[in-house]
Amino acid sequence: MHQVEKCAAVFKEKFHSDRYRVFFAPGRINLIGEHTDYNGGHVFPCSITLGTYVLAQKSSGNLIRMYSMNFPEKGVITFSLRDLDYNKTHDWANYPKGMIRYLIADGYQIDSGMDLLFYGEIPNGAGLSSSASIELATGVMLEKMFALSLERLTLVKLGKKVENQFIGVNCGIMDQFAIGMGKTDCGILLDCDTLKYLYAPLHLKQQHIVIINSNKRRELADSKYNERRNECELALKRLQAKLPIQSLGELDEATFEKNKDLIGDPILIKRAKHAVYENRRTLKALTELKQGRLAEFGKLMNESHISLRDDYEVTGKELDTLVDAAWQQPGVLGARMTGGGFGGCTIAIVENEQIEQFIDQVGRTYKENIGYAASFYIANIGDGAKEISQDSDVVGCIGGRKSRVYWFSCHLSTD
Ligand code: GLA
């Protein structure tokens with residue numbers, strides 16, 4: 001049964017109606033350019049076909065009712081349009097609530113209650129941006145349901161604002177941007193300083209991108225994410241004593257090497273080095289991709305992981321085990337962690353005919369070393385957040401949107 005049909009049955013059960021419109025926002029992977037977004041550098045993410053579905057109908061009055069199939073134990077969460085404060089007991093529902101609140105605060109007219117059903121395919125805490133996916137799915141739903149005239153970039157920035165100010169996670173703009181602006185079979189090269197971007201077609205014919213979930217949950221708010229941000233800010237401040245720069249993203253490698261002693265602390269130098277070199281690697285990666293030099297692109301991915309492991313120190317045993325195992329396999333062009341790190345996912349570009357063996361071998365090594373299984377997905381690069389109702393006045397069930405997602409769970413014979 002397709003996801004939407006599953007959602008429809010639950011919508012009917014919870015809200016006693018089969019009138020709804022359907023919206024979808026993807027998750028994202030980042031090909032290269034990690035921990036560069038908040039350093040004014042470049043990132044190179046793409047949106048995947050796994051994501052969050054929202055079924056929505058307006059209701060009379062001011063009540064908003066929300067139910068998530070991922071958190072059935074929380075039941076239907078109800079609040080009024082007149083009370084959009086953060087509420088700890090509302091748990092996951094604070095993400096969509098934040099979007100509603102900030103849109104209203106910016107003068108957009110959201111003037112009736114709603115019944116909303118959420119279903120997320122992205123494993124929670126996997127580092128594939130399930131929270132940005134909920135934010136953008138909500139944003140596009142509100143845009144269409146209330147006929148709001150909204151630039152997509154406005155929604156992207158609003159999603160980030162919800163994350164930063166409503167939820168309290170100090171992330172950069174990459175996730176919301178990739179999820180809001182994604183395009184089928186393209187990576188997005190984004191300059192996080194100017195927000196200029198371009199779509200780079202990914203001509204993968206002989207290969208696929210495999211996503212490997214370490215199944216070690218990453219909690220962005222609890223992780224050392226903010227610590228790394230602060231370390232970079234401090235390093236920048238010390239460099240600014242001599243250099244007229246606003247961000248580490250403005251530096252090239254040579255200027256950094258010439259001036260790094262201004263930073264005066266070996267740990268901070270390593271952090272800043274990663275930010276500078278990773279940004280430059282990301283630009284090189286685009287050039288390699290444009291020239292069709294996928295092997296070179298893969299090598300830059302490997303270098304990115306090494307830098308995240310040794311200089312930025314955000315990988316950890318689980319991600320390193322996966323990437324090390326990936327590097328040993330035939331037909332692997334490159335592999336690295338993706339997202340914030342400290343658990344979550346890695347990605348690898350793998351020759352098509354080697355994928356089965358890759359999954360088997362990497363899965364086996366991981367289970368032997370870590371003690372539990374990894375999960376494998378073949379990434380398909382899809383569009384950013386959008387309505388997927390067959391037409392926007394749709395009433396009732398949407399049948400059979402063909403899923404382009406393949407799923408492998410790791411059945412290992414080691415136990
Ligand atoms: C998380 C954040 C992003 C970005 C990445 C690291 O995914 O949400 O803004 O900083 O980590 O590249």
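Let's start at Ala147, which counts as exposed because its relative accessibility is 68%; here exposed means over 50% relative accessible area, buried under 20%, and partly exposed in between, with a 1.4 Å probe and protein chains only. Ala147 sits in the loop between H3 and H4, where helices (H or I, at least four residues) and strands (E, at least two) are DSSP runs numbered from the N terminus. Its phi is near 45 degrees, a positive value in a residue other than glycine.

A word on the model before we go on. It is predicted, so local features need pLDDT of at least 70 and side-chain atom pairs count only at pLDDT 80 or more, while totals for chains, interfaces and linings use all residues. Residues are numbered from 1 along each chain as its sequence is written, and side-chain values use heavy atoms, with hydrogens and water left out.

Glu313 also has a positive phi without being glycine, near 55 degrees. You will find Glu313 in the loop between helix H9 (294-310) and helix H10 (317-328). With a relative accessible area of 34%, Glu313 is partly exposed.

Now follow helix H2, residues 94-105. The buried ones are Asn94, Tyr95, Pro96, Lys97, Gly98, Met99, Ile100, Tyr102 and Leu103. What do they pack against? Their partners are the strands S4 (63-68), S5 (77-80) and S6 (113-120), together with helices H3 (130-145) and H4 (152-167), where contact means heavy atoms within 4.5 Å. Just after H2, Gly107 takes a positive phi of about 95 degrees.

Finally, turn to the ligand. It is surrounded by 13 residues, the closest being Glu34, His35, Asp37, Asp175 and Tyr225; a residue is near if one of its heavy atoms lies within 4 Å. By class, this shell has 5 nonpolar, 4 polar and 4 charged residues. Nonpolar covers Ala, Val, Leu, Ile, Met, Phe, Trp, Tyr, Cys and Pro, charged covers Asp, Glu, Lys and Arg, and the others, Gly among them, are polar. An oxygen atom of the ligand lies 2.6 Å from a side-chain N or O atom of Glu34, and the side chain of Asp175 likewise has an N or O atom 2.6 Å from a ligand oxygen. Taken alone, the ligand exposes 310 Å², of which the protein buries 98%, with areas from the Shrake-Rupley method and a 1.4 Å probe.

Methods. A polar contact is a pair of N or O atoms within 3.5 Å; within protein, one must be able to donate a hydrogen and the other to accept it, and residues adjacent in sequence count only if both atoms are side-chain atoms.
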